[in-house]
Amino acid sequence: LDASYFRMVTALQGWLLSGSQELNSIITQKKDASLLELYYKWLVVKNQYSRAIQMTEEQQKKEHLDPVALMEKSGDLEKSIIAQLPELQKSLGNTGASPSKTAALLKPGEVLINWVSFKYKNPENWTDSVMYAAFIISPKDKTAKFVTAFEQKPLQVLLTHYLNYSGRGVVVKPSNTRKNVLVDLYKLIWKPLLPYIKNAHKLYMIPSGLLNKISFQSLEDASHKSLLETVDVHLLNKTDELGSTSSLSKNKSTIALFGGADFDSSINGNKINIYTHLTFDYLKGSEGEVRQIDAVFKENNWNTRLYTGVAASEEKFRSLSGNN
């Protein structure tokens, strides 16, 4: 069961990162208006859910956003889309990874931690609890260890002290306050994994859900020693990138840089606002920062590709996954 779940999770990770253009292309080619409408509804609901889980319960009620209902609706819409697309079903079936093949890509002392988040179902029905667990794979493993780590609600509480009001950046607070949050996050997120990674010196990690907001290297144990000081942590988008890390390290001469993004983009030239009720402000300072970074790399003889404005799109970012 764990192997099948791992294959399904890795297939969906690959699709979510690089398959949106493929999915958009398939739907466009079919010229099915009802399917296209279903696709846009799915995108809207996904983004409403992403926004809802960053809010307090009071804010959710004020804006009439129910994260549980949105999660269920997103899942139902996704199933409906996939059911109507045999091409996508075939693609998903061919892209999942097996634990043993993933383990073969790891060297001694390396461990993969593939996080998953899912709505908990008791024997009777679905609950409002979102659980976080991790597939842990070491070299020569035939199966993945599945470790249930924590429930999402305490993580949401801690993130209110860790992120700014918009949920988009780490808060800079007095050191004692910040260290306490980092220690509490360590206890919640990292401590359950320790028995399974105690001999590892390099960790490859694929976050899920709200864990994408965490800077893992900054988490601190009870003695305030950060992970950065104790283990080498590398974040990946999907398991496929394990096979490309060695080749990437040999050719550090090209870099893609994103900044000053214009989030008011379009799909296939159609000015359809899929981010209904969402606001992503233009961050003027980020364009200046990324241009300065671009200049530094050029001075050091790197080939740079700079993406700003509408060019700094999610689709472009995903298309480069595993190649930069």
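Visitor: Which residue has its charged end over the ring of Trp42?

Guide: First, this is a predicted model: local features need pLDDT of at least 70, side-chain atom pairs count only at pLDDT 80 or more, and totals for chains, interfaces and linings use all residues. Residues are numbered from 1 along each chain as its sequence is written, and side-chain values use heavy atoms, with hydrogens and water left out. A charge sits over a ring if NZ of Lys or CZ of Arg is within 6 Å of the ring centre and within 35 degrees of the ring normal. Here the charged end lies 4.4 Å from the ring's centre, and it belongs to Lys46.

Visitor: Which residues join Trp42 in a cluster of ring pairs?

Guide: Rings of Phe, Tyr and Trp (its six-membered ring) pair if their centres lie within 6.5 Å; planes under 30 degrees apart count as stacked, over 60 as edge-to-face and the rest as tilted. Ring pairs link Trp42 with Tyr39 and Tyr40.

Visitor: How are the rings of Phe258 and Phe317 arranged?

Guide: Their centres are 5.5 Å apart. The planes meet at 80°, so call this pair edge-to-face.

Visitor: Is Phe258 buried, partly exposed or exposed?

Guide: Buried means under 20% relative accessible area, exposed over 50%, partly exposed in between (1.4 Å probe, protein chains only). Phe258 comes in at 26%, so it's partly exposed.

Visitor: What angle separates the planes of Phe297 and Trp302?

Guide: These two form an aromatic pair with 4.8 Å centre to centre. The pair is edge-to-face, and the angle between the planes is 65°.
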